[in-house]
Amino acid sequence: MVTFLPRLPGRLADVPSFDRAIGGAESNVACTLARTGHTTRWISRVGTDGFGDHLLAAIADCGVDVRHVRRDPLRPTGVYFRTAGDRATGAHEVAYYRAGSAASAMTADGLDPAALYAGRIVHLSGITAALSADCLGLLRELTTRRPGRPLLSFDVNYRPGLWRDTARARVLLDLARGADLVFVGDDEARDAWGLHGPRAIRRALPEPHTLVVKQGGAGATVFRRTREPGGRDGDAATFVPALDVDLVAATGAGDAFAAGFLSATLRGLPDRARLRHGHLWAAAALTVPGDLATPPSRPYADRLAALDDPAWERLRLAPGWTDADTSGHRADEEVPTQ
């Protein structure tokens, strides 16, 4: 989507002007991964309008392959407006204009399987399932387990503004059960499914090999299926606390977390490091105003992820911190606001 970010705080009714940016969960993840050297491809539909031109150019400029994005001459590119406040507060407003958009017309028949399954990971978002019946059918098809598919990553991304009927949002639980790796916030699971706490979420989602439960400012827990002595399946749980950051805007942090975790997954790092990379990349998004942030360089992120627990808990990250690896700061000290 094209995102319109307010230039001033306040209600949408009162904000006089906006800055244009790009947004969308899957493209955010693709752009963030590409900016740190991973090969990524974004597959979607946009209109033949100027907003579609802008999206394709901006996403390609991040290093993402957009050759398989289809242009729709009959439907517009989706857009949305939001207020400057934190998504978690009651004052936060989001206005989606996605009904009848080009992306809402995506179907399983309209995708090229060779292009879709060429990578090591296919990443999906529950937002897509809310756009139309065709999109829900597409997600059902893609989350059906079949031999030979790449690792399937699914971010639940429950958005109340897109699911007017909470009962319908339970379909996200069914979709998540077909994935190999699932990201879900404990607040999302509570609001959409009535589940409380990481263990309850894992009991409801035993099928994915890996489940990541994001616990807001507290941290995140990853559950991974293991093989116990005697051949029985077990479930290892790892918790890593979140970082202390000087918050600018929370929008996009979940996508950045998923990108950081996926980057570490592609590199074969252990679960603790995967969670730490997720937190670091989320911190990059939390300290910028838009949906999309440049993550820390890989060597810098690796140094921070390797800190001992006390040093990790002492970290405090402020706007501009992702550039601090060239400014002479130690990895275990506060990075000042620039």
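Colleague: Is the crossing of helices H9 and H10 left-handed or right-handed?
Modeller: Helices (H or I, at least four residues) and strands (E, at least two) are DSSP runs, numbered from the N terminus. A crossing counts as left-handed if the near helix is turned anticlockwise from the far one by less than a right angle, and as right-handed if clockwise. For H9 and H10 the crossing is right-handed.

Colleague: What pLDDT do side-chain atom pairs need in this model?
Modeller: Residues are numbered from 1 along each chain as its sequence is written, and side-chain values use heavy atoms, with hydrogens and water left out. This is a predicted model, in which totals for chains, interfaces and linings use all residues, local features need pLDDT of at least 70, and side-chain atom pairs count only at pLDDT 80 or more.

Colleague: At what angle do H9 and H10 pack, and how far apart are their axes?
Modeller: Axes are lines fitted to C-alpha atoms, for helices over the stretch in contact, and angles run from 0 to 180 degrees between N-to-C directions. H9 covers residues 253-266 and H10 covers residues 271-286. They pack at an angle of about 145°, and the distance between their axes is 7 Å.

Colleague: How do the residues of the contact of H9 with H10 divide into nonpolar, polar and charged?
Modeller: Contact means heavy atoms within 4.5 Å. On the H9 side the residues include Phe 257, Gly 260 and Phe 261, and on the H10 side they include Arg 274, His 277 and Trp 281. Ala, Val, Leu, Ile, Met, Phe, Trp, Tyr, Cys and Pro count as nonpolar, Asp, Glu, Lys and Arg as charged, and the others, Gly among them, as polar. The contact of H9 with H10 divides into 12 nonpolar, 6 polar and 1 charged.

Colleague: Which side chain joins that of His 277 in a polar contact of 3.2 Å?
Modeller: His 277 is found in helix H10 and is buried at a relative accessible area of 3%, where buried means under 20%, exposed over 50% and partly exposed in between (1.4 Å probe, protein chains only). Beyond four places in sequence, His 277 touches residues including Gly 260, Arg 267 and Ala 301. A polar contact is a pair of N or O atoms within 3.5 Å; within protein, one must be able to donate a hydrogen and the other to accept it, and residues adjacent in sequence count only if both atoms are side-chain atoms. The partner of His 277 at 3.2 Å is the side chain of Asp 302.

Colleague: Which side chain joins that of Thr 287 in a polar contact of 3.5 Å?
Modeller: Thr 287 sits in the loop between H10 and H11 and counts as buried at 6% relative accessibility. A polar atom of the Thr 287 side chain lies 2.8 Å from the backbone oxygen of Ala 283. The polar contact of 3.5 Å joins the side chain of Thr 287 to that of Trp 321.

Colleague: What kind of ring pair do Tyr 300 and Trp 321 form?
Modeller: A search of the whole structure finds 8 aromatic pairs. Rings of Phe, Tyr and Trp (its six-membered ring) pair if their centres lie within 6.5 Å; planes under 30 degrees apart count as stacked, over 60 as edge-to-face and the rest as tilted. Tyr 300 is buried at 2% relative accessibility, and Trp 321 is buried at 0%. The ring centres of Tyr 300 and Trp 321 are 6.2 Å apart and the planes stand at 50°, so the pair is tilted.

Colleague: Which backbone oxygen does the side chain of Arg 71 reach at 2.8 Å?
Modeller: Arg 71 is found in strand S4 (residues 70-72) and is partly exposed, with a relative accessible area of 32%. Its side chain reaches the backbone oxygen of Asp 49 at 3.5 Å. The backbone oxygen that the Arg 71 side chain reaches at 2.8 Å is that of Gly 47.

Colleague: What distance separates the C-alpha atoms of Pro 289 and Leu 5?
Modeller: Pro 289 lies in the loop between H10 and H11 and counts as exposed at 56% relative accessibility. Among the residues Pro 289 touches beyond four places in sequence are Leu 5 and Arg 82. Pro 289 and Leu 5 are 284 residues apart along the chain, and their C-alpha atoms are separated by 8.4 Å.
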